Structures are given as structure tokens and as C-alpha cells.
Amino acid sequence: MATTARALTAALRLGRAPVAAAAASAEALVAQIANRNHRPTLHRPSHHTRAVSVPASGLPHDVGGDPSLYGSLASKIERPDDLLDWEVRCHSLFAILATKGAVSTDGLRRAIEALAPSQYEAWSYYEKWAAGMTALLLEGGIVSSEELNEALFGKEPVHLSPSEPLFQRGDFVRVRPYRGSGIEWRRPHIRVPGYIYGVRGVVERVCDEHKDPSFLAFGLDAPAVRLYRVRFRMKDIWPEHHNGDNDDVIEVEIYEPWLEASAESSGHDFEGNVLFDHSDEGSDCIDFVHDHDHSHSHHDHSHSPRPIVEERAATLEGGPRPGKELYSALVKVLTEKRIVTPEEITAMSENLVMAGKTLNGAALVARAWTDPAFEERLLTDAPSAAAELDIATSNANAPTVLTVVKNTAEVQNLVVCTLCSCYPSGLLGIAPSWYKSREFRSRAVREPRQVLLEFGTLIPESTRIRVHDSTADHRYLVMPQRPEGTEGWSEDELKSLVTRDSMVGVSGLRLRHA
């Protein structure tokens, strides 16, 4: 963990600011996304007039029906469901904290939705869980930013007096690009303009120290950081100035953590990726503003918009993925404070893994197949019917209500959660990767027949598909049709036929022949 932490610190030198920033109030977190008093008006056109191409809310987690996220599910369906150990334990940690009232499912959803867009896109499912938990625990005062900083980066001396400048007047420097793959779980407050990321310049003046605005923006105590004025050539920044003969410059105030030493005083790059390669007649460039096939008067080729180039460079560059380290740091702090114990996490992990093996949902289905009266009670009031078999239907991390729906020759049920990944984990174990994928979540509500076909399930046109979008406090379980030829089978024999996928509704059941 120390190696990755050092790499992150070297890459960002901002690593501590986002950690501290997460300690801001819940109100501030929500305000990061939108004005909390704003209530958009929903326009509902008449039937057959609405053609949705993107999610109506525009929020990154709202993916239902968004064709931009469509993609094949084949690789995800074929992928083994085994999670990494830390991912299972991360899920378990959240369940434990939720039962203790330290966090909530609604809070976790909100914290994940408040991630910076680059983080929401780049971080894996459980990395986002680790980020969301961290933000909730910080804002709730259960852990402090100092405790988490120490767990992540080790102790660091506090500078009580101004430090010596790292750079002097006349030094060559380069502006560090902002990387969205660092330790961040909400949008940071940044005071360095993006148009100079990766650009080289010369220190024009060494200024005094100021409190770090990335802390002050969230009302937190801020360390002092050195400020510099750096001079850049316009021709190194803007494509329309590239072939100009003038020496026009821009001088920008930049805090020390954003600067690194450079061997050259001008130019621009992204560590292995050149922004504007003018040595190849512009073959790497596209038009800067609009798309057409003629050249501009200022030079004979054009450029990609800088945000696109920056994103491409960051993608090519890659970087450390700190989700596991963040989880480990969080566990370290929580166990030292005796809020959770390693034994609790292990026990919860074993329960979750075992739930996926025992499939209590299958026991409910098998009983319903053999007992019509029980089936009626299960379809009417699933929690009460399940309690007859000593089966709890609510998820461990939040009170949820189970609803059981029945497949017939006329109706095929399919379960999805387009906003996150709501799933009856207490009955089916941890949700598979394909269920949590944006491809499944976006497509299931809009082209369910094609989705089912990728699972090898062909639904006749005469059979109606009924999709259940599990977005709130209910969890859905599909009762598949009982296979023909199982008359006289015992409950245990029938239970062995029922699969997890059949209870989500993506597959049917067949007899297993020797």
C-alpha cells in the first residue's frame, strides 16, 4: 500500500485535499451535483410521442435505456463470478456499518452519485463503494481526515513556519495534468486552469505562502502552500498561435503541488503523448472547433480540443488504482477505533459467500412448486411466507421488502436495477458482475428480448415480457416455470434445479440429463 500511496502522492500532490474535502457536510455534497432547491419540471408527452435517447435526468447513475451504454454482455456473462477477497470484504464492511447505523444504503447511493465524473467512469464497482463509505464516515465525524490521511500516506510533519521554495525565479517547470484516477470520491475544488495542464513555462516570480484553497473551499483547516507566477508562451497553448511570429505570453498563478521541474522552458506534453505534433503534417490532429476538410489560415492543419487530448493522454498514461488501498486504510482506522473488528468482517463475508451457495431463494421456489397454498402466500406476502421456512428476505444492510413474481407461458419476468444494483443478496448472494454492469442496466428496460437472447433465452413473441426495475426498497425474485418431467420429485431434488439466473429472469430451467 505504501508504494501505491507514494505513487499517488507524487502524481497528484493533491491527495490529501480530496480526502479532507470529503469531510464536508452532507448538504455540501448534494449541492455539488445540483441546486438542492431545484425541482425540474417533468414533461410527459402523450403516448407514442416520446423518443428517449439519453436518460432524462442526465445523472451518471441513471442509465436505463441509454443507447450510448449499449454493448455485448457476452464477456460479462462468461466471466467467473468470483470477486476479489477485498471486494467481498468491502461489501461486508458496508453491511456491518449499516447495521450499526454508521452509514445507510441511501447515503451510499448519494455519495457514489456525487463522485467526480471521471471517478464515476474510471473506478470499479467496489472502488466506488469504498469511496462512498469513506465520504459518509468523514462527513459523519466517525473517522477524521487526519486519521485517514495517516493510514493512507503515513505521518507527515506539520510545517509551522514558511517552507523553502521548491523553485526559484527563472526555473523551468511543467504543470502537472489533473488526473481523475487519484484518491478522490467527490469533485475537488481546483484553482489551476486546465488549458495549461502539461505545458512548460518559466517561473517569473516566487510569491508567498497561502492556505490551500482546495481545503478552504470546504470550510476545513488548510495547510500553507507556496504560490508562483509562471510565464507560458501562447504558441505552446493555443493552436491558432502556433505559427505566429510574436512572443505573446500568459502569466498564471500556480500553487507548488501542481508544478514539477522541467529540462525545457517551453513546449507541452503528457508523459509520452504529444499534444500537437507538428512534425508529421498534422496527421494526429482533427479540427479544433468544427469539422470540415479545408485548412485554416493560421496553419495548414488543425487540433483536437484540449479536453479531448487531455482525456486521451490520461487514458493512455493509466495510473495506480487506489480502491483497494482506500478500503484497507478505512479498515485500519475503523479497527483501531474499535468500530468494527476483523472477525465481524470475516463472518459477514462468509455469510454472503454462503448465501450464493445455499440459494435460499431456490428453497422458496421449490416449496411453491409442491405446495399451491404456499405459492399463493409467497406471491401475496413473500416475507411472511418465507418466514415459515425460517428464511429472512430483507438484505443485511437495509430493510427491504421481497416481492416474488411468477413466470408462466404467457409472461416472462426480468429483474434489473437501472439506478444502481438493487438485488436480493440475502437470498441469492452477491450480485453477479453482469447484473451490475451498465450494459445490462441500460439495455434490460429497452430491449429485454435481445438481452435474454444473449443469455441463451429465446422468448416467443406471444409471451409478454414484464421488466421489474428495482430502484428503491423492494427486491424482486422470479419464480421460474417448473420443468416438465419433474412430477413426483422431492423439494430437495427440485431445489437443485433452480439457478440464480432463473430467479433473476434471464434464463429458464431444464432437466439435467446424465
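Predicted model: local features only at pLDDT ≥ 70, side-chain atom pairs only at ≥ 80, totals over all residues.

Reply: Happy to! A network of salt bridges links E204, R205, R229, R231, E251 and E253.

Take E260 and R174, whose side chains meet in a salt bridge at 2.4 Å, N to O. This pair links distant parts of the chain, with E260 in strand β5 (residues 259–261) and R174 in strand β1 (residues 172–175), 86 residues apart. Both E260 and R174 are buried.

Next come E344 and K100, which form a salt bridge at 3.0 Å, N to O. Here too distant parts of the chain are linked: E344 belongs to helix α13 (residues 342–358), while K100 lies in the loop between α5 (85–99) and α6 (105–113), 244 residues apart.

Finally, the side chains of E454 and R443 meet in a salt bridge at 2.7 Å, N to O. E454 is in helix α20 (residues 448–454) and R443 in helix α19 (residues 438–443), eleven residues apart. The two partners fall into separate accessibility classes: R443 counts as buried because its relative accessibility is 5%, under the 20% cut-off, whereas E454, at 31%, counts as partly exposed.

Note on methods: Residues numbered from 1 in each chain as written. Heavy atoms only, no water. Salt bridge = Lys/Arg side-chain N within 4 Å of Asp/Glu carboxyl O. Helix = DSSP H or I, 4+ residues; strand = E, 2+ residues; numbered from the N terminus. Buried < 20%, exposed > 50% of the residue type's maximum accessible area, 1.4 Å probe, protein only.
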